Amino acid sequence: MTAEPAPSVVCPACGTPAREGARYCKACGTALAPLAQCPSCHASVPPSARFCPSCGIRMVGTRSAAPEISEIPASPVQEASPSPERSKDDEEDALETARAEIEAARKRPASAPASGLLANLLLFVALLVAIIVVIRVMNEGKPKEVSPFEGGPPPSSASTPPRAAPDPSRAVSGQVTLAGVSAVPGATLFVIARIQGTPDRGPPVAVRRIPNPVFPVQFSIGPGDVMLPNMPFDGPFDVRARLDADGNVMSKAPGDLFTSTPTTARPGDSHVEVSLDARIP
């Protein structure tokens with residue numbers, strides 16, 4: 001059995017023997033030979049330097065993940081009276097550490113004073129202003145649109161065709177008479193034209209209003225009296241009359257006069273006779 005060769009290298013930090021050719025101590029990780037370059041910034045380092053003159057890192061080797069081996073405690077006599085050389089070394093180490101930290105802080109780049117949040121806010125405001133300007137330029141010169149839920153100006157005459165003037169030749173004319181009933185003073189007369197055969201309810205085709213009538217009353221009802229826009233004034237019609245005391249054709253009050261039997265007429269007919277012959281009880 002071959003005996004292992006005696007170690008030729010001893011760790012300068014903890015005194016642990018090391019094999020020949022080893023670069024770091026297996027116990028504490030201290031470099032066994034001085035490094036020619038800094039392991040952090042790769043700057044040239046003198047063999048006697050304890051710290052890198054460029055970045056300030058301590059040149060004692062990289063510690064392993066295992067907990068460090070504590071130093072052998074000194075005897076009570078040594079703790080009571082520490083060596084002057086040990087205190088001097090500690091002071092030199094602290095001074096070198098402070099110098100290295102100052103040099104490293106001097107070489108670090110200064111942080112940007114502007115805040116990232118403030119920069120993002122200014123960018124958002126600039127984009128918003130650009131969008132508003134683009135929209136305004138695109139809509140410049142275009143006609144303003146009016147919402148259907150808001151009031152607005154009436155449509156221009158250029159887009160809406162003019163309504164044709166009523167044809168007076170299609171009007172139905174004649175007179176309204178009283179048949180066995182007396183008129184109500186101050187009442188309003190309504191001449192009503194409905195499509196022949198339709199009930200006497202709902203909106204009629206045309207209505208003519210005559211206030212304060214004097215009987216017999218001459219009337220003319222035609223396309224200009226239609227109830228709904230663009231409704232054709234086509235017959236034949238049932239023509240009736242109402243004498244209303246309050247002037248409201250939609251209401252029926254006791255004492256109002258009306259036509260019990262309508263008169264048939266066609267557009268353009270004249271000399272049409274309509275009688276008020278019944279009274280609302």
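## Leu189 and strand β7

Leu189 stands opposite Leu243 in β7. Strand β4 (residues 188-195) and β7 run antiparallel, joined by eight bridges. Strands are DSSP runs of E, at least two residues long, numbered from the N terminus. Two strands pair if DSSP finds at least two bridges between them.

This is a predicted model: local features need pLDDT of at least 70, side-chain atom pairs count only at pLDDT 80 or more, and totals for chains, interfaces and linings use all residues. Residues are numbered from 1 along each chain as its sequence is written, and side-chain values use heavy atoms, with hydrogens and water left out.

## Other partners of β7

β7 also pairs with strand β9 (residues 263-265), antiparallel, over three bridges. There, Thr263 is the bridge partner of Val239. Strand β8 (residues 257-258) runs antiparallel to β7, with two bridges. Leu257 in β8 stands opposite Leu243.

## Burial of β7

How many residues of strand β7 (residues 237-244) are buried? Eight of the eight are, so β7 is largely enclosed by the rest of the structure. Buried means under 20% relative accessible area, exposed over 50%, and partly exposed in between (1.4 Å probe, protein chains only).

In a regular strand the side chains alternate between the two faces of the sheet. Phe237, Val239, Ala241 and Leu243 point one way from β7. Asp238, Arg240, Arg242 and Asp244 point the other way.

## Cysteines

The structure holds zero disulfides (pairs of cysteine sulfur atoms within 2.5 Å). Cys55 is in none; its nearest cysteine sulfur, that of Cys38, is 3.6 Å away. Cys55 is partly exposed, at 24% relative accessible area. Cys14 is partly exposed, at 35% relative accessibility.

Note on methods
Helix = DSSP H or I, 4+ residues; strand = E, 2+ residues; numbered from the N terminus.
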